[in-house]
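Here are a few notes to read alongside the model. Have it open while you go through them.

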Amino acid sequence: MEIESKRLKMRPIREADWALFLQLHTDPNVISLCFDEPEIEVIRDKFEARLVTWSPTSNAWLCLVIIDKITDNVMGITGFIVEDNTAHVGYLLLPEFHGKQYGTESLLALLDWAESIDTITHYKAVVTEGNVSSERVLVKCGFQLQSVIPEAYEIGGKLYADHIYTRDAKVT
């Protein structure tokens, strides 16, 4: 499986992508508004879980590596897990690719590809309060703020609200 957009291609994560996955989960510029740095064992377990072959009924993450078509540089990851007909989306980009519309482009391509999956009726994303860039990506991709849950998540000893974004599938 490979998904493409104008500047990007995305393919399933594989064992050789461990260094990228580790960097995305430990770089302070990536995780500061997402989560505290997990223990290496936790990161490894998450990585192993994303290596599982995905299908719409697999109860596993579809985890795709985002790659620049021209340079072949890896840029980050995107994907989703389907629970009760809702695809919970997520994405992380390396800092050098922030602010260049790659998050939006990769998510739009993923959503377009996922439209062929009949079991998905909705998309959902949870963003930590203050992660304005990630919220902008979601809005550009047709998501709307559904709810705000105050003091739902702790990062660095501080409580933040969760911003819940949703989008119906089959958006034209």
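1. Helix α4 (residues 102-114) is largely enclosed by the rest of the structure, because 10 of its 13 residues are buried. Buried here means under 20% relative accessible area, with exposed over 50% and partly exposed in between (1.4 Å probe, protein chains only). Among the buried ones are Tyr 102, Glu 105, Leu 107, Leu 110 and Ala 114. Helices (H or I, at least four residues) and strands (E, at least two) are DSSP runs, numbered from the N terminus.

2. From its first C-alpha to its last, α4 reaches 18 Å, close to the 18 Å expected at 1.5 Å a residue. That expected span is 1.5 Å times one less than the number of residues.

3. A word on the source: this is a predicted model, where local features need pLDDT of at least 70 and side-chain atom pairs count only at pLDDT 80 or more, while totals for chains, interfaces and linings use all residues. Residues are numbered from 1 along each chain as its sequence is written, and side-chain values use heavy atoms, leaving out hydrogens and water.

4. Now look at strand β3 (residues 62-68), where seven of seven residues are buried. In a regular strand the side chains alternate between the two faces of the sheet. In β3, Leu 62, Leu 64, Ile 66 and Asp 68 point one way, and Cys 63, Val 65 and Ile 67 the other.

5. Pairing takes at least two DSSP bridges between two strands. Pro 12 stands opposite Leu 64, and Val 65 opposite Ile 77.

6. The hairpin of β3 and β4 has five residues between the strands, and Asp 72 takes a positive phi near 65° there.
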